[in-house]
Amino acid sequence: PRPLNRVSTGKKITDNSVTLSDGISAYPTGISYMTISGTHATTHGFPEGFAGTLETHNVNVGGYVWQYYHVVNSINTYKRVFKSDNTWSSFTKVNV
């Protein structure tokens with residue numbers, strides 16, 4: 001899944017404003033995105049420790065909340081889901 005169409009209609013939120021442990025309340029309902037710098041990615045454990053775009057789908061209906069992390073200058077994309085115990089799963093590579 002590539003973010004281009006979804007991100008263009010999503011809500012831009014402040015770059016580097018979250019860490020991987022922030023819950024769903026840190027994200028607006030709907031689709032949102034932010035840029036993650038290389039420094040922030042390394043400091044907070046984002047996949048590969050490289051800059052990228054964090055795309056969040058906070059549908060908030062029946063627990064459907066997930067994120068994609070698109071690594072800059074790469075085809076690598078990672079996905080994680082928000083679980084029923086109010087924690088995030090680990091990121092898993094989901095290149096298509």
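What percentage of the 96 residues of the protein chain count as buried? The share is 35%, where buried denotes under 20% relative accessible area, exposed over 50% and partly exposed in between, with a 1.4 Å probe and protein chains only. The structure is a predicted model, in which local features need pLDDT of at least 70 and side-chain atom pairs count only at pLDDT 80 or more, whereas totals for chains, interfaces and linings use all residues. Residues are numbered from 1 along each chain as its sequence is written, and side-chain values use heavy atoms, with hydrogens and water left out.

The protein chain contains two helices and six strands, taken as DSSP runs (helices H or I, at least four residues; strands E, at least two) and numbered from the N terminus. Their order from the N terminus is α-β-β-α-β-β-β-β. The protein chain exposes about 5,300 Å², of which carbon and sulfur atoms supply 55%; accessible areas come from the Shrake-Rupley method with a 1.4 Å probe, and for residues only the protein chains shown count as cover. Among contacts (heavy atoms within 4.5 Å) with a separation of 6 or more, 32% involve residues 24 or more positions apart.

The six strands form an open sheet of mixed pairing, in the order β1-β2-β3-β4-β5-β6; two strands pair if DSSP finds at least two bridges between them. β1 (11-12) and β6 (92-93) stand at the edges with a single partner strand each, so one side of each lacks a neighbour in the sheet. β1 pairs with β2 in the parallel sense over two bridges, and Lys12 has Tyr33 in β2 as its bridge partner. The pairing of β2 with β3 (residues 52-58) is antiparallel and spans seven bridges; here Met34 stands opposite Leu54 in β3. β4 and β5 (residues 77-81) also run antiparallel, joined by five bridges, with Tyr78 in β5 as the bridge partner of Tyr69.

Four aromatic pairs are present in the structure. Rings of Phe, Tyr and Trp (its six-membered ring) pair if their centres lie within 6.5 Å; planes under 30 degrees apart count as stacked, over 60 as edge-to-face and the rest as tilted. For Tyr27 and Trp88, the ring centres are 6.3 Å apart and the planes lie at 85°, so the pair is edge-to-face. This pair links distant parts of the chain, 61 residues apart, with Tyr27 in the loop between β1 and β2 and Trp88 in the loop between β5 and β6. Tyr27 is buried at 5% relative accessible area, and Trp88 is likewise buried, at 12% relative accessibility. The rings of Phe82 and Trp88 are also edge-to-face, because their planes lie at 70°, with centres 4.9 Å apart. Phe82 is buried, as is Trp88, and Tyr27, Phe82 and Trp88 form one aromatic cluster.
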